[in-house]
Amino acid sequence: MSEILTVTDLCKSFSDQPVVNSVSFGVRESTTLGIVGESGSGKTTLVRSILRAIDPDSGTVRYNSRKGWQDLHSLSPKELLPLRREIQMIFQDPFASLNPRMTVQAILEEPLIIHGIGDKESRKQRVAAMLEKVQLEPSSASRFPHAFSGGQRQRIGIARALILEPRLVICDESVSALDVSVQAQILDLLASLQSELGLTYLFVAHDLRVVREFCDEVLVMYAGNVVEQGPVEEVFNNPQHDYTRLLLSAIPSPDPDEKLEPLARDGLQLEKV
Amino acid sequence: MSESLLSIKNLSVEFKTELGKVNALNEVSFDVPRNSITAVVGESGSGKSVTSNAILRLLPDTAQISGEIILNPQGEDPLNITSLDERDPRMQNLRGGLVSMVFQEPMTALSPVHRIGDQVAEAVLCHRDVSPEVAMAEAATMLEQVGLTEVDKKIRMYPFEFSGGMRQRVVIAMALICHPQLLICDEPTTALDVTIQAEILVLIKSLQRKLNNSVLFITHDLGVVAQIADRVVVMYDGQVMESGSVRQVLKNPQHPYTRHLLASIPGAVTDSGSQLHAANWSDGAPIGAGTFLADAEEGRQVREFSQ
Ligand SMILES: Nc1ncnc2c1ncn2[C@@H]1O[C@H](COP(=O)(O)OP(=O)(O)OP(=O)(O)O)[C@@H](O)[C@H]1O
Ligand SMILES: Nc1ncnc2c1ncn2[C@@H]1O[C@H](COP(=O)(O)OP(=O)(O)OP(=O)(O)O)[C@@H](O)[C@H]1O
Ligand SMILES: [Mg+2]
Ligand SMILES: [Mg+2]
């Protein structure tokens with residue numbers, strides 16, 4: 001399978017602190033690349049730089065669009081617009097990314113209007129079908145974001161990203177706030193869209209169980225660097241890097257007899273329970 | 001002082017919407033005993049946040065509430081929260097002093113225009129009579145305890161300069177620093193990677209023991225429940241399905257929904273409802289299933305590496 005996205009030597013610093021340090025990777029079409037790593041390791045900065053929500057300092061991001069390869073960072077905003085239909089992002093903080101004064105109907109319809117898709121009636125049908133796919137009731141359409149639970153709001157964000165039938169979806173902790181059963185349903189939805197429409201996912205997550213189930217390849221970040229990268233089974237069965245090992249060992253077990261015994265890391269004053 | 005710190009009795013909540021009524025809670029009853037951690041688990045939309053918002057009287061005017069929420073604070077008269085008048089001075093005491101809350105969405109709890117350090121110090125100043133310098137020093141210490149590094153620099157930064165997990169930890173620090181009698185945490189660790197989650201869980205638990213207070217911990221992760229809680233309440237569709245000690249409920253779930261929750265942990269073996277080694281899905285990797293690196297040598301390596 002050919003690559004759909006190629007990132008080369010991407011760098012971003014904030015006030016002279018490197019946050020993303022010369023990161024390179026490729027994503028093959030119709031596969032899922034997981035990105036895991038410590039909080040603050042640069043995952044959000046990295047994925048936001050791809051669509052230029054953040055301007056990187058250097059490096060290239062090349063995307064294989066329906067019209068061929070494009071260098072995302074040298075396009076004008078006008079040239080970028082049609083690509084924004086192909087590449088969608090689901091944000092980490094669902095509440096902050098939903099306009100509180102718009103109903104769910106308007107939130108989901110907006111991207112269709114911006115890209116000139118359908119008429120009023122067909123858009124309404126598309127919104128209804130999308131709501132059903134993310135397991136929200138039809139009556140949700142007329143409600144405002146504040147009238148939903150956290151997980152429901154996250155599903156509104158997912159619906160908004162998927163309604164344009166994108167080719168590449170960047171998910172930043174998009175299922176973290178969902179309980180396991182709804183999470184499983186959303187992951188099933190994402191997986192079936194992948195096999196139906198050939199979608200590609202870039203999947204930032206911290207739940208390694210989810211990454212193992214859902215991703216083909218994984219990239220482990222630590223302090224702005226990619227420290228490990230490869231097929232999920234390989235990386236998880238034979239982690240090479242200390243941080244990967246630490247991550248794998250810190251998964252809480254649902255058995256109350258197996259207690260967490262955290263290792264005090266540098267800068268932490270923890271008492272043992 | 002045998003009563004529980006918090007007692008919820010037949011709590012029902014209905015929201016008026018344009019399309020009629022939404023029944024969010026239906027006769028919910030459970031207790032939060034003193035000196036313990038009670039977890040509430042349940043599906044998305046099952047009413048976990050509505051319950052915790054009701055305890056702080058944070059529900060919107062469209063909510064119709066019936067039932068009782070009784071708080072029995074140490075050394076003070078019991079408080080019937082549902083019947084308290086909004087202008088009652090005890091309301092201020094409830095929200096700031098007796099109960100504090102870590103909200104599900106951290107950005108909603110942080111002001112975008114104030115520096116991190118000032119916001120955490122403000123939380124100290126609101127509830128305790130100390131000088132601004134002391135408050136700032138306490139804030140810095142607490143931020144270190146929730147795992148932030150280079151705190152001297154970070155206290156001068158703004159929320160938009162923080163990562164998602166760093167913001168979540170700031171909000172946790174703000175709640176912990178008030179030393180409330182009841183700490184409510186609504187999915188406090190969803191945006192954190194497992195290593196930091198583990199550290200936060202230990203921190204919450206050790207502070208709970210030190211302060212002898214109680215924690216109401218909302219989560220959808222049964223692994224987290226097993227590690228932190230003493231008791232657990234399982235909710236589904238606005239109702240309590242079962243409740244009991246963590247051991248009782250997780251080792252021997254009575255309700256099909258609880259069994260379903262256990263089975264749908266990613267990687268779980270689903271052929272048996274009581275399959276508890278769900279996290280042990282790997283054979284090759286040193287999966288601790290709840291334990292950090294067991295091997296001291298490996299631990300030392302990681303410690304050195306993180307410096
Ligand atoms: N606008 C900004 N200004 C200054 N520093 C920033 C800014 N945005 C991010 N940072 C810093 O960059 C680092 C990486 O942040 P980023 O949000 O990419 O982390 P992350 O890996 O997504 O973490 P998390 O898992 O907690 O969401 C952090 O130290 C953060 O403080
Ligand atoms: N202001 C409101 N108006 C109408 N319905 C509401 C309102 N607030 C919450 N609800 C509904 O009440 C139900 C319970 O919501 P709640 O936020 O308690 O769920 P939750 O268990 O916290 O879920 P999650 O795990 O997704 O955060 C949901 O169906 C939600 O849509
Ligand atoms: Mg992030
Ligand atoms: Mg909630």
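A polar contact is taken here as a pair of N or O atoms within 3.5 Å, and in this predicted model a polar side-chain atom of Lys43(A) meets that description, lying 2.7 Å from an oxygen atom of ligand 1. On the side of chain B, a polar side-chain atom of Ser163(B) is found 2.6 Å from an oxygen atom of ligand 1.

From chain A, a polar side-chain atom of Arg143(A) is positioned 2.9 Å from an oxygen atom of ligand 2. From chain B, a polar side-chain atom of Ser49(B) lies 2.8 Å from an oxygen atom of the ligand, and a backbone N or O atom of Val50(B) is also placed 2.8 Å from an oxygen atom of ligand 2.

Within chain A, two domains are assigned, domain 1 being made up of residues 3-86 together with 166-267, and domain 2 of residues 97-163. The C-alpha centres of these two domains of chain A are separated by 25 Å, and contact between them involves 18 residues of domain 1 and 11 residues of domain 2. The size of an interface is often expressed as the accessible area lost when the parts come together. For domains 1 and 2 of chain A the buried area is about 1200 Å², with carbon and sulfur atoms giving 71% of it. On the side of domain 1, Arg85(A), Ile186(A) and Leu189(A) together account for 33% of the area that this domain buries against domain 2, more than any other three residues.

As to polar interactions across this interface, 0 salt bridges are counted between domain 1 and domain 2 of chain A, and 1 residue pair is found in polar contact, with both residues at pLDDT 80 or more. The elements of chain A that give two or more residues to the side of domain 1 touching domain 2 are helix 2 (77-86) and helix 6 (180-197), and helix 6 provides the largest share, 6 residues. By residue class, this side of domain 1 divides into 12 nonpolar, 3 polar and 3 charged residues.

Side chains of opposite charge can pair when their charged atoms come close. Over all chains, a search of the whole structure finds 16 salt bridges. One of the salt bridges in the model joins Asp57(A) to Lys12(A), with the closest N and O atoms 3.8 Å apart. This pair links distant parts of the chain, 45 residues apart, since Asp57(A) belongs to the loop between helix 1 (43-50) and strand 4 (58-65) of chain A, whereas Lys12(A) is located in strand 1 (residues 3-14) of chain A.

Terms used:
Residues numbered from 1 in each chain as written. Chains lettered and ligands numbered in written order. Predicted model: local features only at pLDDT ≥ 70, side-chain atom pairs only at ≥ 80, totals over all residues. Heavy atoms only, no water. Domains from an automatic or database assignment. Contact = heavy atoms within 4.5 Å. Buried area = accessible area lost by both parts, 1.4 Å probe. Salt bridge = Lys/Arg side-chain N within 4 Å of Asp/Glu carboxyl O. Polar contact = N/O pair within 3.5 Å; in protein donor to acceptor, adjacent residues only side chain to side chain. Helix = DSSP H or I, 4+ residues; strand = E, 2+ residues; numbered from the N terminus. Nonpolar A, V, L, I, M, F, W, Y, C, P; charged D, E, K, R; others polar.
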